[in-house]
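Please keep the sequence and the structure in view while reading.

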Amino acid sequence: MTPRLIIVVPCYNEQEVLPITAPMFLEKLKSLAAAGQITEDSRVMFVNDGSRDDTWNIITRLSEEDEHYIGIAQSRNRGHQNAVLAGLMTAKDMCDITISIDCDGQDDINAMDGMVAAYHEGCEIVYGVRSRRDTDTFFKRFTAESFYKLMNAMGAEVVYNHADYRLISSRALRELAKFREVNIFLRGMVPLVGFKSTSVYYERSERAAGKSHYPLKKMLALAFDGITSLSIKPIKIIFMLGLIVALISFVGIIWAVVEAILGNTVGGWASTTCIICFLSGVQLISIGVIGEYIGKIYMEVKQRPRYIISEKTWDNDKSDKK
């Protein structure tokens, strides 16, 4: 059976790059359909993540010019992960497979051929993985590779050098929909779904236009969210650190008592200050990490919607919440 594909493209302030990449997505869609890999009624779905520029107007205009373009708009900016999830959950009942890809044109669109071919071979999830990072600066390459290594070390199961360029079948999406957490990190959640999976490797190019919406600050925030959303290993590290510090302190107490008994004690402001600062620093870091987990629990128990769809190009009268 020939599958129906929906390409899910999250967009945030992409008025400069969207007119360039939208025709590229459509061309790839039509070439896959012409090759008999997908159906003719496959679609490109743009997800407007509360853009403040002309992005939504461009999406609306594209949908009017060609039926292969459709779009949904979130009621406000909720972030990249929520935008991707909104698109996937909207598409899961409309198609057989989805491919999520960023709007900036950096990910190789031709890798979709390999993804669809892998689906025909029985894979429910196909990860787009960067084969190399030659176009990155040393700092960008170092921080990105450290990110994946840190994630795996902290117990979060992620695919190395994979972002959010992936094929997911509707079957896998229905299982992903059962993950109800508010703190979303799709790179770690999708592998937890299971099913047969593989990877397609490609080279990433420079952004087609505009500027990146993921500076170092956001990358670090994403990494921290991913670790605390998928792993309790930091809590275990704090526990082990507490044991080590307690052991050192206990040894120090014994030493201080012995020295006092022997009459060798000498008043030392520096040593006392260092010990106090060290213990205080460890305590504050530990409380901070624990506080982050408590904050996430607080957000989870509220059960607020992860996204709210305010408009659709094919039905502008209804809002969806999830």
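In the largest nonpolar core, a set of 37 residues, Val9 and Phe46 touch the most other members; a nonpolar core is here a set of buried Ala, Val, Leu, Ile, Met, Phe, Trp, Tyr and Cys residues joined through side-chain atoms within 4.5 Å. Helix H1 gives the most to this core, with seven residues. The model is predicted, so that local features need pLDDT of at least 70 and side-chain atom pairs count only at pLDDT 80 or more, whereas totals for chains, interfaces and linings use all residues. Residues are numbered from 1 along each chain as its sequence is written, and side-chain values use heavy atoms, with hydrogens and water left out.

**Cores**
- Phenylalanine 46 touches Val9, Cys11, Leu18, Ala22, Phe25, Ile59, Leu62, Tyr69, Ile70, Gly71 and Ile72, leaving aside residues up to four places away in sequence, where contact means heavy atoms within 4.5 Å.
- A second, separate core of 29 residues includes Ile70, Ala86, Ile184 and Met189.

**Helices H1 and H2**
- Two packed helices are described by the angle between their axes and the distance between the axes.
- The axes of H1 (residues 18-34) and H2 come within 11 Å and cross at roughly 35 degrees, the axes being lines fitted to C-alpha atoms over the stretch in contact, with angles that run from 0 to 180 degrees between N-to-C directions.
- Leu18, Pro19 and Ala22 of H1 make this contact with Thr55, Ile58, Ile59 and Leu62 of H2.

**Histidine 68**
- Histidine 68 is placed in the loop between helix H2 (55-65) and strand S3 (69-74); helices (H or I, at least four residues) and strands (E, at least two) are DSSP runs numbered from the N terminus.
- Histidine 68 counts as buried because its relative accessibility is 13%, and buried means under 20% relative accessible area, exposed over 50% and partly exposed in between (1.4 Å probe, protein chains only).
- The side chains of histidine 68 and aspartate 66 are joined by a polar contact of 2.8 Å, a term for a pair of N or O atoms within 3.5 Å, of which, within protein, one must be able to donate a hydrogen and the other to accept it, while residues adjacent in sequence count only if both atoms are side-chain atoms.
- A polar atom of the histidine 68 side chain also lies 3.2 Å from the backbone oxygen of glutamate 40.

**Whole protein**
- The protein has ten helices and nine strands, and buried residues make up 44% of its 322 residues.
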